[in-house]
Amino acid sequence: PVSGEDAVLASEEAVEEQPALEEGVVEAEAAVAGGEGEALRSFLEEFGDQADDCIIPSPRLKGIATPDCPAALQFLGARYNSLMEKHNSLMEKYEQQVAKCAEECAPRFDGLKNKYTVECAERRRLYNELIELRGNIRVFCRCRPLSSDEISRGCSSVVEVDPSQEMDLQFIPTEKERKTFKFDHVFGPADDQEAVFAESLPVVRSVMDGFNVCIFAYGQTGTGKTFTMEGVPENRGVNYRALEELFRISEERSSSISYSFGVSILEVYNEKIRDLLDDNSEQTSKRLDIKQSADGAQEVPGLVEAPISTIDGVWEKLKAGARNRSVGSTSVNELSSRSHSLVRVTVTSEHLVTGERSRSHMWLVDLAGSERLAKTEVEGERLKEAKFINKSLSALGDVIAALASKNAHIPYRNSKLTHLLQSSLGGDCKTLMFVQISPSSTDSGETLCSLNFASRVRAIEHGPARKQVDPAENFKIKQMAEKLCHEEKENAKLNESLQLMQLKYASRENVFRTLQDKIRETEQACRTHQQRVSKRFSSACLSKPAELISMYFPMLVCVYDSSICTG
C-alpha cells in the first residue's frame with residue numbers, strides 16, 4: 001500500500017511529467033499506426049483495453065525489444081497517472097471519512113479521556129493514603145539516558161520504560177530474559193527535574209504539618225544521584241526545590257502560623273561524621289557522635305544549625321556544603337562522591353491562634369555509589385574509602401532485610417549512616433527513596449542489584465507517621481501530665497477523707513439522735529415527777545400546813561419561833 005505522503009509526491013511528479021508522457025503515448029500510437037514495432041502492437045492489443053487497476057508483469061515488459069521499450073514505458077506512465085488520479089480521489093474520500101469520524105468521536109473520546117484522568121488521580125490518592133496507613137517507604141526509580149560515550153562504544157539499553165505504565169519498569173538484560181519491577185513511580189530518560197519534584201511534593205509538604213521526612217538517593221556512581229538531589233544552578237534538584245516550596249508555604253500560611261527554619265549539612269566519611277558548615281580550622285579534630293534525645297530521635301550534639309530566612313541563603317549554604325564534601329576520581333566517575341552527604345532542615349512552627357508548637361526535621365540524603373570494588377578499580381586511599389562506603393551500604397542492606405522480615409532486633413548501630421537514619425527507616429517518619437539506575441548493558445549487573453535492593457525497601461512497613469511536637473512543648477505537656485497525676489492522687493486522698501468524715505458524721509448523727517431521745521424521755525420523766533410533787537404539795541398544804549412548812553421549810557420555822565420568842 002502507498003502512504004498518503006508518497007502518493008502526493010508521486011502525483012506531483014506525475015503532473016510535472018504529464019506533457020512528456022502524453023507525447024510519448026501519442027508517439028507510441030503513431031508508431032503502431034505506421035506499422036512499426038510488432039512487439040509493441042501486440043503489447044497494446046493485449047493490455048490497452050484492460051481495467052485501470054491491472055498489473056503488468058515485468059517479464060512481458062522485458063520481452064519487448066528495443067526501440068519499442070521506451071514507447072511501452074511511456075504508455076505505462078500514462079496508465080500510472082490515471083491510477084494515481086483515482087488513488088488521489090479515493091484518498092480525499094478517505095480523509096473526509098476520517099475527519100467525519102473524528103468529528104463524531106472526538107466528544108466521546110474527550111469524555112473518556114477526562115474520566116480516565118480523574119480515575120487515575122483518584123487511584124493515586126487512594127494508593128497514597130494506603131501507603132501512609134501501612135507506613136511503607138515510597139520508592140521512585142529514575143533511569144538516566146545513555147551517554148554519548150556509551151552510544152559510541154555500542155552499548156545498548158537494558159531498561160524499557162512505558163510512559164503509560166508509570167509504576168512498571170522492564171529489565172531486559174538479554175533478548176530472552178525479561179523481568180518486571182514495580183515501584184511507586186518510574187521516571188524515564190525523558191523526565192526532567194520538575195516532573196521528579198512534582199511527584200515528591202506531597203512528601204515534602206508533610207514537614208510543614210509537623211511530620212518528619214526523609215528523602216534519599218541510592219544507586220551506583222554515575223547514575224545521577226547528586227544531580228537528582230542537588231542539581232545545577234540552571235536546573236536545580238530536590239534539595240533546592242524542596243526548600244523553595246517550604247518558604248512558599250510559610251509565606252502562604254504567615255497569617256495563622258509562624259515558621260522558622262534552620263539547616264545543617266554533614267557527611268559520613270570513613271565512618272566519621274564531619275560538619276560541612278563548620279569553617280573552623282579545628283573542624284577535623286572535632287569529634288561528632290550520635291546521641292538519642294529524650295523523645296527518642298537521633299541528634300548530633302555540636303552540629304552547626306544555621307538559621308535561614310531566604311531561598312538565596314539556602315543556596316549559599318548548600319554550595320558551601322558541596323564545596324566541603326569529600327570527592328575523588330575513580331574509573332567510573334571523575335568526581336565520585338566518596339561520602340554520604342546529609343542535609344537536615346529543621347522546621348519550627350507556632351500556631352498564632354491555638355499556640356500549638358511543633359518541631360520537625362527533613363533529611364535530604366545523597367548516598368555514595370553502591371558499585372562493587374572491582375568496578376571502581378581504585379587503590380590506596382580511594383580503596384579505603386570504597387571499603388567504608390560498601391560497609392555502610394551493607395549495613396543499610398542488613399537493616400532493610402531485618403525490617404522487611406520484621407525481626408525483633410534491627411542492627412541500626414552497625415554503621416553511622418544507619419544510626420542517623422534510624423528514625424527515618426523504622427520510625428514514625430515519611431520516607432521517600434530514589435533508586436538511580438543506568439540503562440547501559442555494561443552496567444546491567446549493578447542495575448539489577450539496585451533494583452532488587454529497592455524492591456526490598458518498598459516492602460518495609462513501619463506504621464503510620466506521627467506528628468512531631470516541639471520538645472519544649474513536650475516538656476510542658478509532660479509537666480502538666482505529672483501535675484494532673486499528682487492532683488488526681490490528692491483528689492483521691494481527699495475523697496477518702498471525705499468518705500471517712502461522712503461515716504463519722506453519720507455515726508455521730510445516730511448518737512445525737514439517741515441522746516435527743518434520752519433527753520426527751522428525761523424531760524418527760526421530769527414533767528411527770530413535777531406534776532406528782534405539785535399534787536402532793538397541794539394536798540399537804542390543805543391538810544397539815546404547819547407540819548408541811550416545818551418539813552419543807554425548816555429555816556422558816558426557826559425564824560418564826562425566834563420571832564415569837566423575841567416578841
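Modeller: Quick ground rule before we dig in: rings of Phe, Tyr and Trp pair if their centres lie within 6.5 Å. In this predicted model, a search of the whole structure turns up seven aromatic pairs.

Biologist: Okay, take Tyr240 and Trp315. Why is this aromatic pair called edge-to-face?

Modeller: The centres are 5.3 Å apart and the planes make an angle of 90°. That distance is within 6.5 Å and that angle is over 60 degrees, so the pair is edge-to-face.

Biologist: What makes this a link between distant parts of the chain?

Modeller: Tyr240 belongs to helix α8 and Trp315 to helix α9, and the two are 75 residues apart.

Biologist: And how do you know whether Tyr240 is buried or exposed?

Modeller: Buried means under 20% relative accessible area. Tyr240 has 7%, so Tyr240 is buried. Trp315 has 13%, so Trp315 is buried as well.

Biologist: Now Phe247 and Phe261. Why is this pair called tilted?

Modeller: Their planes are at 55°, with the centres 5.0 Å apart. Stacked needs under 30 degrees and edge-to-face over 60, so 55° leaves tilted. Phe247 sits in helix α8 and Phe261 in strand β9. With relative accessibility of 16% for Phe247 and 9% for Phe261, both fall under 20%, so both are buried.

Biologist: What lies over the face of Tyr240?

Modeller: Arg236 does, at 4.0 Å from the ring centre. Over at Phe211, the charged end of Lys430 sits over the ring, 4.6 Å from its centre.

Conventions:
Residues are numbered from 1 along each chain as its sequence is written. This is a predicted model: local features need pLDDT of at least 70, side-chain atom pairs count only at pLDDT 80 or more; totals for chains, interfaces and linings use all residues. Side-chain values use heavy atoms; hydrogens and water are left out. Rings of Phe, Tyr and Trp (its six-membered ring) pair if their centres lie within 6.5 Å; planes under 30 degrees apart count as stacked, over 60 as edge-to-face and the rest as tilted. Helices (H or I, at least four residues) and strands (E, at least two) are DSSP runs, numbered from the N terminus. Buried means under 20% relative accessible area, exposed over 50%, partly exposed in between (1.4 Å probe, protein chains only). A charge sits over a ring if NZ of Lys or CZ of Arg is within 6 Å of the ring centre and within 35 degrees of the ring normal.
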